[in-house]
Amino acid sequence: MGEDCCATQLVDADGVFNVAGLENFIKTVKLAECGLSYAVVAIMGPQSSGKSTLLNHLFGTNFKEMDAFEGRSQTTKGIWMAKCVGIEPVTIVMDLEGTDGRERGEDDTAFEKQSALFALAISDIVLINMWCHDIGREQAANKPLLKTVFQVMMRLFSPRKTTLLFVIRDKTKTPFEHLEQLLREDIQKVWDAVSKPLAHKDTPLSEFFNVEVTALSSYEEKEEQFKEQWRSLINASNNWRDIRVNNASKPHIHTKKKKKKKKKKKKKASHIGIASHLFHLIVRQLRQRFFHSISPGGLAGDRQGVVPASGFSFSAQQIWKVIRENKDLDLPAHKVMVATVRCEEIANEKLGHLAYDKSWLELEEAVQSGPVSGFGKKLGSILETYLSEYDMEAIYFDEGVRTAKRQQLQSTALHLVHPAYQAMLGHLRSKSLDNFKNGLEQSMKRGKGFAASVRDITTSCMLEFDQGCADVAIQQADWDPSKVREKLCRDIEAHAASVCSTKLSEMIAHYEKQLSKALTEPVESLFDAAGQDTWASIRKLLEIETEVVVSRFSTDLAGFELDQETFDNMVRNLVEFARSVVEKKAREEAGKVLIRMKDRFSTVFSHDNDSMPRVWTGKEDIRAITRDARAAALKLLSVMAAIRLDKKSDKIENILFHVLMDGTSAVAVARERSIISSSADRLASSSWEDVSPKNTLITPVQCKSLWRQFKTETEYAVTQAISAKEAHRRSNNWLPPPWAIVAMVVLGFNEVMLLLRNPLYLLVFFVIFLLSKALWVQLDIPGEFRNGFVSNKILS
């Protein structure tokens, strides 16, 4: 039995608390695993009253006992503790140093009071060992002990209800009922006499203590009474062998006998050994009362303020520290303090385990790589495991402290895992955004409207994100993913706006390209053939092409569901772009107006009405042809002088013809003369009348300069035409005059006759004629001399 009790000195004689010994004791007996299912029993009483002996027989402990043959002296020093063997639930017993000992002296009662207060503060049951002959006596050894117990009880702010079990030693023949009554009266008198705080002045003893009384006989002085109890026990068991076995199995109390004892003591020692066995049998009845002592109806069934077993060590240390410092012991505050320390220790332990938990580390690593399916359930399960472990270990501590520390543990644990939660939300946001981008692209490829695509895909992606948030949510936290959700909404809106802007830009560029292609070449062709209706044709072309393109553009634009103002602005911008294309082309062509004027002049001057090249036969009126060609060129200049897209009439043509063509105009002269003053040079200006500067392509001054340059550069063609006419005329008159022919016949008669008489000469002259004719035709001599002999020489 002694091997299992683990007897340990808790406090030495000098009051030093054995922390390491207590920790080892708790670890050995596995007290921390008991929760609230444990009991603490303490014994106090006068020195050498058999306290240790009683505990050893009652609980199977091995506390050191006094050797009666060596005299009465202090055996137990300080406070010892051990585990009761074979008693359920786990019961811890404390053996206190005896009171009224000569070793500490009459006046040194401080340790007695401190140990008594310590026992009352942590024990559920306190055994008070008393001599039977002290009951009923006014000046007895039990009175100071009772006073000590009651006085120290007043130092507990809120005392726990403790069971006081008075053990009457060496009971006499006086009936037990009378002894119990006298003892209770003595206890009440001591209680009434003790000064109490005002709050407990009228408090009955029963609110602080449960008083129980039991008695034990002594063999040394009451042999017959011991024998009588022995016979009754034997008759009750009716088993002498069992008694013998018990007798043989129980160790003798006096294990420290010296080998050299006097023979006269042997007989007495044997009697004492028998008494020890009988004493053990009697104590067995008392031992039964300690089984399930904390259950309802047990010795400590109504105990209060129990410290959980895992906090027993810390609680005992702090209580003894407060007692040694001679401070009042506030048990409720101490209970809260113990609960605070222990719950914080448990919480820190669980938090440390969580930080290095394999499942958590694997989950955290997986989250860094990408989204994890079932993240919320997995993480919640890990957290719940450690929170449940905390609840199991801290269940018996103060509820307020336990709950506060649990909340602190949960908060710290959530802070630890929150980055992983945020990473998961980041993955969900990225995934939803990518799905939105891909879905929008695919939807638009299928021809669905942009706005409808954005609306439908946004709803789908946000639903997917919300479902993902529900999956990553953990039951222990009410984290709000709204900020991440709002960021996702902003990202989706930004991407949608970017795509919308890109698509609109692409669509606008596409239709602008169509307009440019549809307008540029036709406008250029119209300017090339500039005439009276050129600008009317351009306006009609612009209107038709713009209407077609705007219609298509509006249809495509409807899918974006833009507001009316934006829609109208974009259509208006497209219309303005079409106009700008025409204006740009007009300015481009205006820069080449001189070339076009010369081309127009050359076309009219060098071709007839059937567009055939003109051959100067000498019958043409070169002056009229030149005037018509210059008029056509001037007409082209008037067309290119200004932009006329607004159907407004102007006087540019009339002014140009009036000033540059000597008043001759294509319009009725009478009407023009009424409009234009013949005395003023209307081209001495930088702007046209009734034409805005932005629509001016060629200013009047520029027109005058261009016309001067045009005339200069076309005079050569006119001169060439005149020369060709003159040469043609001369080429048609190559035969000599009639008088020359008559002279040649008269003067050349002899030569003719010579030729006729000699045919050989005629043959030679015929061959020469043929060669000359061939050269004449081959070299086109008439054509070369058509423009005159001088001109031919210059060209050659």
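In strand β7, the bridge partner of Phe-166 is Val-213. The chain reaches β7 from β6 by way of helix α6 (residues 176-193), and this β-α-β crossover is right-handed. Strand β6 (residues 162-169) and strand β7 run parallel and are joined by seven bridges. The model described here is predicted.

Strand β7 covers residues 209-215, and six of its seven residues are buried, so the strand is largely enclosed by the rest of the structure.

Elsewhere in the chain, Asn-695 is found in the loop between helices α22 (669-675) and α23 (700-731). Is Asn-695 buried or exposed? Its relative accessibility is 9%, and because buried means under 20%, Asn-695 counts as buried. Leaving aside residues up to four places away in sequence, Asn-695 touches Glu-583, Ala-642, Ile-643 and Asp-646.

The surface also carries a nonpolar patch, with about 1200 Å² of accessible area together; among its members are Leu-754, Tyr-761, Val-764, Phe-769 and Leu-771. Helix α26 (residues 759-779) supplies the largest share of this patch, 11 residues. Val-764 has its place in helix α26. This residue has a relative accessible area of 41%, so it is partly exposed.

The two residues with stated accessibility are listed below.

| Residue | Relative accessible area | Class |
|---|---|---|
| Asn-695 | 9% | buried |
| Val-764 | 41% | partly exposed |

Key: Residues are numbered from 1 along each chain as its sequence is written. This is a predicted model: local features need pLDDT of at least 70, side-chain atom pairs count only at pLDDT 80 or more; totals for chains, interfaces and linings use all residues. Side-chain values use heavy atoms; hydrogens and water are left out. Buried means under 20% relative accessible area, exposed over 50%, partly exposed in between (1.4 Å probe, protein chains only). Helices (H or I, at least four residues) and strands (E, at least two) are DSSP runs, numbered from the N terminus. Two strands pair if DSSP finds at least two bridges between them. A crossover is right-handed if, with the strands pointing away from the viewer, the path from the first strand over the helix to the second runs clockwise. Contact means heavy atoms within 4.5 Å. Patches are made of residues with over 30% relative accessible area and no salt bridge: like charges are joined within 9 Å, nonpolar side chains (Val, Leu, Ile, Met, Phe, Trp, Tyr) within 5 Å. Accessible areas come from the Shrake-Rupley method with a 1.4 Å probe; for residues, only the protein chains shown count as cover. A salt bridge is a side-chain nitrogen of Lys or Arg within 4 Å of a carboxyl oxygen of Asp or Glu.
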